[in-house]
Protein chains: 2
Amino acid sequence: MAGRTTERREQALSRERIVAAAITLLDADGEDGLTFRALSARLATGPGAIYWHVANKNELLVAATEAVLAGATGRPDAADPAQAVRAVALAVFDAVDEHPWAGAQLSRAPAQPAMRRILERLGQQTLALGVPAADRFTSASALLNYIIGSSRQNAANARTQPPGGDRTAILAAEAAAWRTLDPDEYPFLHEIADQLPRHDDRAQFLAGVDLILAGIARLPG
Amino acid sequence: MAGRTTERREQALSRERIVAAAITLLDADGEDGLTFRALSARLATGPGAIYWHVANKNELLVAATEAVLAGATGRPDAADPAQAVRAVALAVFDAVDEHPWAGAQLSRAPAQPAMRRILERLGQQTLALGVPAADRFTSASALLNYIIGSSRQNAANARTQPPGGDRTAILAAEAAAWRTLDPDEYPFLHEIADQLPRHDDRAQFLAGVDLILAGIARLPG
DNA sequence: GCACGGCTTGGAACGTCGTTCCAAGCCGGC
DNA sequence: GCCGGCTTGGAACGACGTTCCAAGCCGTGC
């Protein structure tokens, strides 16, 4: 270990390369997997070099979230505005399902570009749906909050279970916990305990979108 | 500083006192305010003593969230089931608004007792609303996800601004940012930019609940 | 009245994190 | 060919969650 070898790396450090590496780490080991030390190791450099391109860890998270959700806000390209809303909703749901850390980040900091684009897409569809001007902001916000909230919650649930396919086992355990509760105090949980282990998260999410769409359709009268 | 003075404290350390102190710290300085060192100082003890009563920081957060949301899931005591749903929704919204860290915690870990109670209350009202059995789980879940997601998002927004009353200033800045976007790509954000600084978060949240309730009312046909 | 032993305390220490600092190396322009 | 700004990356700082353990307190059995 004599002299420092700072010869120009064959691929220079850049913001894009750093964000890409961060996404790899986040996908592999979750939110705790993103560390400036792990990032340094993967990029074969030191923490200081990374700080030259990125202000801090939060900026890195925002950039990674933005990159991951960029695809989810493409053109609506559906004739039916209700179908366009469903398409946006599912795109966000699937993106967050694949990158749970992005969902957490989305609901942590407000006014992110990705959020603006989603709200814009939803708002455009409320116009196409014939929602009165006075109700468009509220309708689009309700859709946005439901979509982000449900996607995040679903991702948080999925993160609880190890990568193995024992989703059913975990849900069965939760259903069993429900059945041990006092039936007089928790009649509803007892009623739906059977449905819990075999319900489809994605379909249920979409059904919720349809509930809001049905409520919106009722607006003008 | 001679001998150790471990004389029995006038009020013994206990799980309840620890959780209460944790809530104080969380309310004062946000999520980062809860530290085992700060907690030790406030309780005039050391970190080790706290670990005797509490397994780890996460358990402490769960207990604090549970304590703070206990009041939000009281008896529905409203004749109209729709009004009961609104009451539960507003109780959660207000509790999370007052304790933003609780909202973050709620959507982090699934299967918390508070979540079960809220889902139970909502489910009971779907029964009273005459929702068909096959749709109750989905309806209650949609309400739950919307309520938690919106409350959390609202709290995250509120946390951005300093305690001073410049909420309007921040929203005005965001509206200004919207107006700098390309009007062809973001027509909706331009349209609603005027409404942003003067809209009522709580009223808009409630309007979203009503949208879902309207959708639910349409279910049987 | 006194020793014993489990319950409780709280300070010290470990490893890791985000972040800052800075000496050193590289390279384009004079 | 040297100079000065752009980059690099290793060392160090302070704070965190957590673990460990010596010490003190107090109820129990004699």
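This is a predicted model: local features need pLDDT of at least 70, side-chain atom pairs count only at pLDDT 80 or more; totals for chains, interfaces and linings use all residues.
The relation between the chains comes first. Chain A is superposed on chain B by a rotation of 180 degrees, with 0.0 Å of shift along the axis and an RMSD of 0.1 Å. That is how a two-fold axis relates two copies. Both copies also use the same surface, since 100% of the contact residues of chain A recur in chain B.

One place to look at is helix H11, which covers residues 201-217 in chain A and residues 201-217 in chain B. Two packed helices are described by the angle between their axes and the distance between the axes. The axes of H11(A) and H11(B) come within 7 Å and cross at roughly 90 degrees. An angle of 65 to 115 degrees counts as roughly perpendicular, and H11(A) and H11(B) are therefore roughly perpendicular to each other. On the side of H11(A), the contact is made by Leu211(A), Ile212(A), Ala214(A), Gly215(A) and Ile216(A). H11(B) contributes Leu211(B), Ile212(B), Ala214(B), Gly215(B) and Ile216(B). By class, this contact of H11(A) with H11(B) holds eight nonpolar and two polar residues, and no charged ones.

The largest pocket holds about 1100 Å³. Its lining consists of 45 residues, and those nearest the centre are Gln153(B), Asn154(B), Asn157(B), Ala158(B) and Asp201(B). Chain A gives two or more lining residues from each of helix H7 (113-128) and helix H8 (133-160). Sorted by class, the lining of the largest pocket has 22 nonpolar, 13 polar and 10 charged residues.

The second largest pocket has a volume of about 840 Å³. It is lined by 36 residues, with Asn157(A), Leu171(A), Leu196(A), His199(A) and Asp201(A) closest to its centre. The elements giving two or more residues to this lining are H5 (81-98), H8, H9 (167-179) and H11 of chain A, together with H7 (113-128) and H8 of chain B. The lining of the second largest pocket divides into 16 nonpolar, 12 polar and eight charged residues.

Note on methods:
Residues are numbered from 1 along each chain as its sequence is written. Chains are lettered from A and ligands numbered from 1 in the order in which they are written. Side-chain values use heavy atoms; hydrogens and water are left out. Copies are superposed by least squares on the C-alpha atoms of residues with pLDDT of at least 70 in both. Contact means heavy atoms within 4.5 Å. Axes are lines fitted to C-alpha atoms, for helices over the stretch in contact, and angles run from 0 to 180 degrees between N-to-C directions. Helices (H or I, at least four residues) and strands (E, at least two) are DSSP runs, numbered from the N terminus. Angles under 35 degrees count as roughly parallel, over 145 as roughly antiparallel, 65 to 115 as roughly perpendicular and the rest as oblique. Ala, Val, Leu, Ile, Met, Phe, Trp, Tyr, Cys and Pro count as nonpolar, Asp, Glu, Lys and Arg as charged, and the others, Gly among them, as polar. On a 1 Å grid over the protein atoms alone, a cavity is a set of points where a 1.4 Å probe fits but cannot get out, and a pocket is an open set with protein on both sides within 12 Å along at least five of seven lines; lining residues have an atom within 4 Å of a point. Grid points are joined across faces, edges and corners, and a volume is the space filled by probe spheres set on the points.
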